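Welcome to a short tour of a protein chain. Please take a moment with the sequence and the 3D view before reading on.

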Amino acid sequence: MKIGVVDVKERPKYEPPQFESKENKTYDTFKAIVYKTQVVAGINYFIKVQVCDDNYVHLRVFVGLPHENQGPSLVSFQTGKTRDDPLTYF
């Protein structure tokens, strides 16, 4: 499996409601810092998100193929991350 780093300026559009619903918590800050992609039958996005000054989460968001007409879906997440934690497959 190859994961490529993509320019954060072209980051995927993803809003926090799915994550906040699963965490049962809301965040004032929700800023994508960096992400990586994995091509499957669609694209997995691994996204590092800043949720407060020194607290980060890693999200895995799946976007299906265009003909499937599905929006982004939160597959998995990891909390308690720092800015320096590597963004890897999970």
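## A first look around

Leaving aside residues up to four places away in sequence, asparagine 55 touches Val49, Gln50, Gly80 and Lys81. Asparagine 55 belongs to strand 4, which covers residues 55–64. With a relative accessible area of 26%, asparagine 55 is partly exposed. From asparagine 55 to threonine 79 there are 24 residues in sequence, and their C-alpha atoms are 8.4 Å apart in space.

Please keep in mind that this is a predicted model. How confident is the predictor? The protein chain has a mean pLDDT of 83, and 83% of its residues reach 70 or more. Among the elements, strand 5 has the highest mean pLDDT at 93, while strand 1 (residues 4–6) has the lowest at 47. The pLDDT is below 50 over residues 1–8, a stretch with 19 contacts in the model beyond near neighbours in sequence.

Now let us turn to the rings. The model holds six aromatic pairs.

| Aromatic pair | Distance between centres | Angle between planes | Arrangement |
|---|---|---|---|
| Phenylalanine 19 and tyrosine 27 | 5.7 Å | 20° | stacked |
| Phenylalanine 19 and phenylalanine 77 | 5.0 Å | 85° | edge-to-face |

Why does the pair of phenylalanine 19 and phenylalanine 77 count as edge-to-face? Their planes stand at 85°, and an angle over 60 degrees is called edge-to-face. This pair links distant parts of the chain, 58 residues apart: phenylalanine 19 sits in helix 1 (residues 17–23) and phenylalanine 77 in strand 5 (residues 73–81).

Ring pairs join Phe19, Tyr27, Phe30 and Phe77 into a cluster.

Finally, where do the nonpolar residues gather? The largest nonpolar core has 12 residues, including Phe19, Tyr27, Ala32, Tyr35 and Leu74. Strand 2 (31–40), strand 3 (42–52) and strand 4 are the elements that give two or more residues to this core. Strand 3 gives the most, with four residues.

How values were computed. Residues are numbered from 1 along each chain as its sequence is written. This is a predicted model: local features need pLDDT of at least 70, side-chain atom pairs count only at pLDDT 80 or more; totals for chains, interfaces and linings use all residues. Side-chain values use heavy atoms; hydrogens and water are left out. Rings of Phe, Tyr and Trp (its six-membered ring) pair if their centres lie within 6.5 Å; planes under 30 degrees apart count as stacked, over 60 as edge-to-face and the rest as tilted. Buried means under 20% relative accessible area, exposed over 50%, partly exposed in between (1.4 Å probe, protein chains only). Contact means heavy atoms within 4.5 Å. pLDDT is the predictor's confidence in each residue, from 0 to 100. A nonpolar core is a set of buried Ala, Val, Leu, Ile, Met, Phe, Trp, Tyr and Cys residues joined through side-chain atoms within 4.5 Å.
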